[in-house]
Amino acid sequence: MLPDSTRMMSGLCRDAHQDDKGCFLLLWKTRNYLTALLQIKFSRGLLGDANTRPMLILSATDTLQERTMEHYWQALEQSREGFMERGAMMFPALSESLDVDAYAREIMQEVVGRTFCASSPTHARLLDALEVRNELAPVLHGMAREHFGYQGSLEDQYHIARLVTPGNSTEQYRAHFDSHLFTLVIPLIIPTATDGNEAGELLYRPNARRHPRSELENTAGKVWFKRYANRERATRLLEKKQFTLENFAERRPMLFSGRTTLYTNRAVSLAASGPRLTLLAHFFDPSPRYGVGKLLRTLRRR
Ligand SMILES: [Fe+2]
(Lines give C-alpha, C1' and ligand atoms only; values in the text may rest on other atoms or scores of the structure.)
Protein backbone atom coordinates (compact mmCIF):
# COMPACT_ATOMS: atom_id res chain seq x y z
CA MET A 1 0.00 0.00 0.00
CA LEU A 2 1.49 3.32 -1.02
CA PRO A 3 1.50 6.14 1.52
CA ASP A 4 -1.24 8.73 1.04
CA SER A 5 1.11 11.31 -0.33
CA THR A 6 2.49 8.93 -2.97
CA ARG A 7 -0.97 7.79 -4.01
CA MET A 8 -2.15 11.38 -4.26
CA MET A 9 0.78 12.39 -6.43
CA SER A 10 0.51 9.34 -8.64
CA GLY A 11 -3.16 10.27 -9.06
CA LEU A 12 -2.22 13.73 -10.26
CA CYS A 13 0.33 12.31 -12.70
CA ARG A 14 -2.02 9.63 -13.96
CA ASP A 15 -4.71 12.19 -14.70
CA ALA A 16 -2.23 14.24 -16.68
CA HIS A 17 -0.73 11.40 -18.69
CA GLN A 18 -3.91 9.50 -19.46
CA ASP A 19 -5.55 12.52 -20.99
CA ASP A 20 -6.60 11.41 -24.46
CA LYS A 21 -5.70 14.76 -25.94
CA GLY A 22 -2.11 13.45 -26.05
CA CYS A 23 0.14 15.69 -28.06
CA PHE A 24 -2.21 18.65 -27.72
CA LEU A 25 -1.82 18.54 -23.96
CA LEU A 26 1.95 18.43 -24.29
CA LEU A 27 1.93 21.48 -26.59
CA TRP A 28 -0.46 23.26 -24.23
CA LYS A 29 1.82 22.62 -21.27
CA THR A 30 4.87 23.80 -23.21
CA ARG A 31 3.08 26.96 -24.29
CA ASN A 32 2.08 27.80 -20.72
CA TYR A 33 5.55 27.08 -19.44
CA LEU A 34 7.11 29.39 -22.03
CA THR A 35 4.49 32.04 -21.23
CA ALA A 36 5.44 31.91 -17.56
CA LEU A 37 9.13 32.26 -18.43
CA LEU A 38 8.42 35.24 -20.70
CA GLN A 39 6.39 36.94 -17.98
CA ILE A 40 9.28 36.53 -15.59
CA LYS A 41 11.70 37.84 -18.19
CA PHE A 42 9.60 40.96 -18.85
CA SER A 43 8.81 41.66 -15.20
CA ARG A 44 12.53 41.55 -14.47
CA GLY A 45 12.94 44.42 -16.89
CA LEU A 46 10.50 46.63 -14.97
CA LEU A 47 12.63 47.33 -11.94
CA GLY A 48 11.79 50.53 -10.17
CA ASP A 49 12.46 51.78 -6.68
CA ALA A 50 13.29 49.02 -4.22
CA ASN A 51 9.95 49.46 -2.48
CA THR A 52 7.79 49.62 -5.56
CA ARG A 53 9.30 46.87 -7.67
CA PRO A 54 6.64 44.72 -9.27
CA MET A 55 6.30 41.30 -7.73
CA LEU A 56 6.92 38.23 -9.79
CA ILE A 57 3.52 36.86 -10.69
CA LEU A 58 2.88 33.73 -12.68
CA SER A 59 -0.19 33.59 -14.88
CA ALA A 60 -3.42 32.99 -12.99
CA THR A 61 -4.66 30.80 -15.84
CA ASP A 62 -1.54 28.70 -15.61
CA THR A 63 -3.20 26.25 -13.27
CA LEU A 64 -1.83 23.05 -11.91
CA GLN A 65 -4.03 20.98 -14.16
CA GLU A 66 -1.89 22.13 -17.02
CA ARG A 67 1.46 21.88 -15.27
CA THR A 68 2.96 19.27 -13.05
CA MET A 69 3.84 20.21 -9.48
CA GLU A 70 7.45 19.84 -10.51
CA HIS A 71 7.08 22.62 -13.05
CA TYR A 72 5.03 24.68 -10.62
CA TRP A 73 7.96 25.09 -8.27
CA GLN A 74 10.58 25.00 -11.02
CA ALA A 75 9.28 28.39 -12.12
CA LEU A 76 10.90 29.73 -8.95
CA GLU A 77 14.17 28.10 -9.87
CA GLN A 78 14.02 29.84 -13.25
CA SER A 79 13.54 33.21 -11.55
CA ARG A 80 15.85 32.89 -8.56
CA GLU A 81 17.61 36.18 -9.14
CA GLY A 82 14.38 38.07 -9.71
CA PHE A 83 12.95 36.68 -6.50
CA MET A 84 16.06 37.54 -4.51
CA GLU A 85 15.91 41.09 -5.85
CA ARG A 86 12.22 41.69 -5.19
CA GLY A 87 11.92 39.52 -2.11
CA ALA A 88 8.47 38.15 -2.93
CA MET A 89 6.53 36.28 -5.60
CA MET A 90 3.12 34.73 -6.09
CA PHE A 91 2.21 31.41 -7.63
CA PRO A 92 -0.87 30.33 -9.60
CA ALA A 93 -4.07 29.46 -7.78
CA LEU A 94 -4.20 25.95 -6.41
CA SER A 95 -7.96 25.57 -6.29
CA GLU A 96 -8.50 24.33 -9.84
CA SER A 97 -6.53 21.14 -9.41
CA LEU A 98 -6.76 20.40 -5.70
CA ASP A 99 -9.87 20.23 -3.62
CA VAL A 100 -8.60 23.02 -1.42
CA ASP A 101 -11.94 23.37 0.35
CA ALA A 102 -11.89 19.71 1.42
CA TYR A 103 -8.37 20.07 2.83
CA ALA A 104 -9.41 23.29 4.55
CA ARG A 105 -12.44 21.67 6.20
CA GLU A 106 -10.32 18.82 7.57
CA ILE A 107 -7.59 21.12 8.80
CA MET A 108 -10.22 23.30 10.51
CA GLN A 109 -11.38 20.24 12.44
CA GLU A 110 -7.81 19.38 13.43
CA VAL A 111 -7.04 22.89 14.61
CA VAL A 112 -10.20 22.82 16.78
CA GLY A 113 -10.35 26.27 18.20
CA ARG A 114 -6.63 26.98 18.42
CA THR A 115 -5.08 29.89 16.57
CA PHE A 116 -1.90 27.98 15.66
CA CYS A 117 -1.46 24.30 14.99
CA ALA A 118 1.83 22.78 13.84
CA SER A 119 1.79 20.11 11.15
CA SER A 120 -1.58 18.43 11.70
CA PRO A 121 -2.12 15.18 9.68
CA THR A 122 -4.14 16.80 6.89
CA HIS A 123 -1.76 19.75 6.81
CA ALA A 124 1.12 17.29 6.26
CA ARG A 125 -0.87 15.49 3.54
CA LEU A 126 -1.52 18.75 1.73
CA LEU A 127 2.17 19.66 1.82
CA ASP A 128 2.92 16.26 0.29
CA ALA A 129 0.27 16.73 -2.39
CA LEU A 130 1.82 20.09 -3.25
CA GLU A 131 5.31 18.56 -3.27
CA VAL A 132 6.45 21.29 -0.91
CA ARG A 133 9.05 19.12 0.77
CA ASN A 134 10.20 17.19 -2.31
CA GLU A 135 10.21 19.91 -4.95
CA LEU A 136 10.03 23.38 -3.42
CA ALA A 137 12.26 22.88 -0.36
CA PRO A 138 15.31 21.66 -2.35
CA VAL A 139 15.09 24.72 -4.63
CA LEU A 140 14.91 27.01 -1.61
CA HIS A 141 17.73 25.11 0.08
CA GLY A 142 19.95 25.72 -2.95
CA MET A 143 19.07 29.42 -2.88
CA ALA A 144 19.75 29.61 0.86
CA ARG A 145 23.18 28.10 0.42
CA GLU A 146 24.04 30.24 -2.58
CA HIS A 147 22.73 33.60 -1.41
CA PHE A 148 22.98 33.41 2.38
CA GLY A 149 25.75 30.89 2.93
CA TYR A 150 23.26 28.73 4.80
CA GLN A 151 24.93 25.59 6.13
CA GLY A 152 21.95 24.01 7.82
CA SER A 153 19.78 21.07 6.99
CA LEU A 154 17.12 20.77 4.29
CA GLU A 155 14.87 19.42 7.03
CA ASP A 156 14.88 22.67 9.00
CA GLN A 157 11.29 23.59 8.19
CA TYR A 158 8.47 24.83 10.37
CA HIS A 159 4.92 24.31 9.14
CA ILE A 160 2.02 25.82 11.00
CA ALA A 161 -1.64 26.49 10.37
CA ARG A 162 -3.04 29.86 11.44
CA LEU A 163 -6.74 30.16 12.11
CA VAL A 164 -8.16 33.56 13.03
CA THR A 165 -11.81 33.82 13.92
CA PRO A 166 -13.82 37.04 13.53
CA GLY A 167 -13.30 39.33 16.46
CA ASN A 168 -9.97 37.81 17.55
CA SER A 169 -8.38 40.88 19.03
CA THR A 170 -4.85 39.54 19.50
CA GLU A 171 -4.04 38.35 15.96
CA GLN A 172 -3.77 41.72 14.28
CA TYR A 173 -1.11 44.28 13.46
CA ARG A 174 1.79 42.30 14.82
CA ALA A 175 4.32 43.55 12.29
CA HIS A 176 7.47 41.48 12.37
CA PHE A 177 10.24 39.76 10.46
CA ASP A 178 10.46 36.00 10.44
CA SER A 179 13.50 34.14 11.68
CA HIS A 180 13.48 31.78 8.70
CA LEU A 181 15.00 32.66 5.35
CA PHE A 182 11.83 31.93 3.36
CA THR A 183 8.13 32.01 4.21
CA LEU A 184 5.38 30.56 2.04
CA VAL A 185 1.76 31.55 2.70
CA ILE A 186 -0.81 29.02 1.48
CA PRO A 187 -4.26 30.62 1.69
CA LEU A 188 -7.04 28.10 2.35
CA ILE A 189 -10.03 30.00 3.73
CA ILE A 190 -10.19 33.71 2.98
CA PRO A 191 -13.11 35.71 4.34
CA THR A 192 -14.43 38.93 2.89
CA ALA A 193 -15.69 42.10 4.52
CA THR A 194 -17.55 45.08 3.14
CA ASP A 195 -17.89 48.73 4.08
CA GLY A 196 -14.23 49.17 4.92
CA ASN A 197 -14.16 46.41 7.52
CA GLU A 198 -11.03 44.30 7.80
CA ALA A 199 -10.79 40.62 6.91
CA GLY A 200 -7.23 39.71 7.93
CA GLU A 201 -5.52 41.01 4.79
CA LEU A 202 -1.74 40.73 4.63
CA LEU A 203 0.31 43.93 4.69
CA TYR A 204 3.91 43.44 3.68
CA ARG A 205 7.02 45.28 2.65
CA PRO A 206 9.80 43.25 1.01
CA ASN A 207 13.35 44.42 1.54
CA ALA A 208 12.35 46.53 4.56
CA ARG A 209 15.83 45.84 5.94
CA ARG A 210 18.97 44.18 4.66
CA HIS A 211 19.62 40.53 5.42
CA PRO A 212 20.97 40.57 9.00
CA ARG A 213 24.58 39.48 9.23
CA SER A 214 24.52 38.51 12.88
CA GLU A 215 22.03 37.46 15.53
CA LEU A 216 22.60 40.79 17.24
CA GLU A 217 21.64 42.68 14.07
CA ASN A 218 18.70 40.36 13.56
CA THR A 219 17.35 40.93 17.06
CA ALA A 220 18.04 44.67 17.03
CA GLY A 221 16.14 44.98 13.74
CA LYS A 222 13.20 43.04 15.11
CA VAL A 223 13.03 45.34 18.12
CA TRP A 224 13.45 48.52 16.04
CA PHE A 225 10.64 47.64 13.65
CA LYS A 226 8.26 46.74 16.48
CA ARG A 227 7.20 50.39 16.33
CA TYR A 228 5.11 49.42 13.30
CA ALA A 229 3.22 46.74 15.17
CA ASN A 230 0.05 48.72 15.61
CA ARG A 231 -2.91 49.67 13.44
CA GLU A 232 -2.15 53.37 13.24
CA ARG A 233 1.43 53.06 11.98
CA ALA A 234 0.69 50.13 9.71
CA THR A 235 -2.21 52.01 8.13
CA ARG A 236 -0.01 55.04 7.63
CA LEU A 237 2.59 52.90 5.85
CA LEU A 238 -0.15 51.46 3.66
CA GLU A 239 -1.37 54.95 2.77
CA LYS A 240 2.18 55.92 1.85
CA LYS A 241 2.40 52.77 -0.30
CA GLN A 242 5.22 51.49 1.86
CA PHE A 243 3.10 48.48 2.70
CA THR A 244 1.42 46.42 0.01
CA LEU A 245 -1.96 44.86 0.75
CA GLU A 246 -2.67 41.30 -0.36
CA ASN A 247 -6.14 39.90 0.29
CA PHE A 248 -5.49 36.46 -1.27
CA ALA A 249 -8.91 36.57 -2.92
CA GLU A 250 -7.68 34.18 -5.60
CA ARG A 251 -5.99 31.94 -3.05
CA ARG A 252 -2.62 32.12 -4.73
CA PRO A 253 0.32 31.02 -2.56
CA MET A 254 2.89 33.70 -1.87
CA LEU A 255 6.57 33.25 -1.12
CA PHE A 256 8.71 35.93 0.47
CA SER A 257 12.10 36.42 2.00
CA GLY A 258 11.31 35.96 5.69
CA ARG A 259 14.15 37.84 7.36
CA THR A 260 13.90 40.96 5.23
CA THR A 261 10.14 41.27 4.70
CA LEU A 262 8.22 43.26 7.33
CA TYR A 263 4.69 41.91 7.44
CA THR A 264 1.53 41.82 9.46
CA ASN A 265 -2.13 41.03 9.13
CA ARG A 266 -5.09 43.34 9.52
CA ALA A 267 -7.78 42.27 11.96
CA VAL A 268 -10.40 39.69 11.10
CA SER A 269 -13.25 41.91 12.20
CA LEU A 270 -16.61 40.80 13.51
CA ALA A 271 -18.00 41.95 10.19
CA ALA A 272 -15.85 39.42 8.28
CA SER A 273 -17.71 36.64 6.48
CA GLY A 274 -16.01 33.93 8.54
CA PRO A 275 -12.68 32.67 9.90
CA ARG A 276 -9.41 32.98 8.01
CA LEU A 277 -7.21 29.90 7.61
CA THR A 278 -3.73 29.97 6.12
CA LEU A 279 -0.81 27.58 6.19
CA LEU A 280 2.58 29.11 6.84
CA ALA A 281 5.63 27.23 5.67
CA HIS A 282 8.95 28.46 7.02
CA PHE A 283 12.27 27.28 5.63
CA PHE A 284 15.70 27.41 7.23
CA ASP A 285 16.45 29.37 10.38
CA PRO A 286 20.15 30.29 10.41
CA SER A 287 19.92 31.70 13.97
CA PRO A 288 21.80 30.00 16.76
CA ARG A 289 19.89 27.93 19.33
CA TYR A 290 19.48 30.90 21.62
CA GLY A 291 17.89 32.96 18.82
CA VAL A 292 14.60 34.74 19.48
CA GLY A 293 12.70 32.81 16.83
CA LYS A 294 13.70 29.38 18.10
CA LEU A 295 12.81 30.39 21.65
CA LEU A 296 9.36 31.63 20.62
CA ARG A 297 8.64 28.48 18.60
CA THR A 298 9.62 26.35 21.55
CA LEU A 299 7.20 28.28 23.76
CA ARG A 300 4.46 28.06 21.12
CA ARG A 301 4.77 24.27 20.90
CA ARG A 302 4.26 23.89 24.66
FE1 LIG B 1 5.76 35.32 10.96
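I count two strands as paired if DSSP finds at least two bridges between them. The model I am reading is predicted.

**Entry: strand 4**

I looked up how enclosed strand 4, residues 157-164, is. Six of its eight residues are buried, so strand 4 is largely enclosed by the rest of the structure. For that I took a residue as buried if 20 or more other C-beta atoms lie within 10 Å of its own C-beta atom.

I then looked for the partners of strand 4. Strand 3, residues 116-118, runs antiparallel to strand 4, and three bridges join them. At this pairing I found C117 opposite A161 of strand 4.

Strand 10, residues 276-283, is also joined to strand 4, here by eight bridges and again in the antiparallel sense. I checked R162 and found that its bridge partner in strand 10 is T278.

**Entry: the 7-6-9 sheet**

I noted an open sheet of three strands, ordered 7-6-9, with antiparallel pairing. Its edges are strand 7 (244-246) and strand 9 (262-265), each of which pairs on one side only. I noted the angle as well: with direction ignored, neighbouring strands of this sheet are turned by 25 degrees against each other on average.

Next I followed strand 6, residues 202-205, to strand 7. Three bridges connect strand 6 and strand 7, and the pairing is antiparallel. Within it, I found L202 opposite E246 of strand 7.

As a reminder to myself, strands of a sheet pair through backbone hydrogen bonds, in either a parallel or an antiparallel way.

How values were computed:
Residues numbered from 1 in each chain as written. Predicted model: local features only at pLDDT ≥ 70, side-chain atom pairs only at ≥ 80, totals over all residues. Buried ≥ 20, exposed ≤ 12 C-beta atoms within 10 Å, placed from the backbone. Helix = DSSP H or I, 4+ residues; strand = E, 2+ residues; numbered from the N terminus. Axes fitted to C-alpha atoms, helices over the stretch in contact; angles between N-to-C directions.
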